[in-house]
Amino acid sequence: YEIHDIAWDYFRESLTKSKKHHQYLLKDRGLSIDTIRDFQVGLSPDSWQGLLDILRDKKFSSEAIKKSGLIISGEKGYFDRFRNRVMFSLTNERGKICGFAGRSLDPKDTAKYMNSPESPIYHKSNFLYGLNKSKNYIHKKDQALVVEGYLDLLQLYQNDFQHVVAVSGTAFTQQHAKKLKRYSEN
């Protein structure tokens with residue numbers, strides 16, 4: 001979790017330095033500054049080792065860095081998994097960041113979205129984006145709206161549809177249904 005918190009700080013700071021990406025979220029996607037802050041949206045800069053260098057400076061073990069899923073091992077060594085992407089913090093029900101999803105803004109990029117891989121703290125088939133914020137609204141309204149995308153959720157949430165969750169690039173699973181059933185059967 002500590003590695004993910006450090007990554008979030010890096011992504012948050014990177015977004016504050018990029019007017020282009022900040023304007024994309026505000027103007028093109030219609031997100032408010034409050035939504036960007038509250039849902040911990042950031043930016044992974046176009047750097048091969050920016051996050052890796054920070055994690056090495058913090059003296060994390062190679063094993064912990066590898067298990068985080070934020071760094072990839074390739075033929076030329078280690079490098080950041082996420083580069084030049086708007087970043088969505090995948091926060092669990094207890095408010096801990098357990099992974100990330102990145103959306104490319106480059107139309108040439110073949111992978112529009114990229115998610116953290118499965119890890120000891122992140123399981124895609126059991127994770128619902130936004131549940132940490134929406135669970136009380138789901139319970140109160142006794143209904144859950146399930147959408148596909150992160151931006152879909154953010155736009156609905158900020159427009160008074162707070163009883164919404166999103167699947168993380170996967171089909172809706174039995175684990176998702178069981179998790180939602182704790183708050184509503186609808």
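Me: How do the residues lining the largest cavity divide into nonpolar, polar and charged?
Reply: The model is predicted, so local features need pLDDT of at least 70 and side-chain atom pairs pLDDT 80 or more, while totals for chains, interfaces and linings use all residues. Residues are numbered from 1 along each chain as its sequence is written, and side-chain values use heavy atoms, without hydrogens or water. With Ala, Val, Leu, Ile, Met, Phe, Trp, Tyr, Cys and Pro taken as nonpolar, Asp, Glu, Lys and Arg as charged, and the others, Gly among them, as polar, the lining of the largest cavity comprises two nonpolar, four polar and two charged residues.

Me: Which elements give two or more residues to the lining of the largest cavity?
Reply: A cavity is a set of points on a 1 Å grid over the protein atoms alone where a 1.4 Å probe fits but cannot get out, and lining residues have an atom within 4 Å of a point. Asp38, Phe39, Gln40, Ser89, Thr91, Tyr129, Asn132 and Lys133 line the largest cavity. With helices (H or I, at least four residues) and strands (E, at least two) taken as DSSP runs numbered from the N terminus, the elements that give two or more residues to this lining are strand 4 (85–91) and helix 6.

Me: What is the volume of the largest cavity?
Reply: The count comes to one cavity of 30 Å³ or more. With grid points joined across faces, edges and corners, and the volume taken as the space filled by probe spheres set on the points, the largest cavity has a volume of about 40 Å³.

Me: Why are the buried residues of helix 8 on the same side of the helix?
Reply: In helix 8 (residues 174–181), the buried residues are His176, Lys179 and Leu180. They are on the same side of helix 8 because they cover an arc of only 95°.

Me: Which exposed residues lie on the face of helix 8 turned away from its buried side?
Reply: The cover over the buried residues of helix 8 includes strand 7 (128–129), helix 6, strand 8 (145–147) and strand 9 (164–167). The face turned away from that buried side carries Gln174, Lys178 and Lys181.

Me: Is Leu15 buried or exposed?
Reply: Leu15 lies in helix 1, and its C-alpha atom is 8.3 Å from that of Pro45, which is 30 residues away along the chain. Leaving aside neighbours within four places in sequence, Leu15 is in contact with His21, His22, Leu25, Ile36, Val41, Gly42 and Leu43. At a relative accessibility of 4%, Leu15 counts as buried.

Me: What is the relative accessible area of Glu2?
Reply: Glu2 lies in helix 1 (residues 2–16), and although Glu2 and Ile97 are 95 residues apart in sequence, their C-alpha atoms are 8.8 Å apart in space. Glu2 is exposed, because its relative accessible area is 53%.

How values were computed: Buried means under 20% relative accessible area, exposed over 50%, partly exposed in between (1.4 Å probe, protein chains only). The arc is that of the directions from the helix axis to the C-beta atoms. Contact means heavy atoms within 4.5 Å. On a 1 Å grid over the protein atoms alone, a cavity is a set of points where a 1.4 Å probe fits but cannot get out, and a pocket is an open set with protein on both sides within 12 Å along at least five of seven lines; lining residues have an atom within 4 Å of a point.
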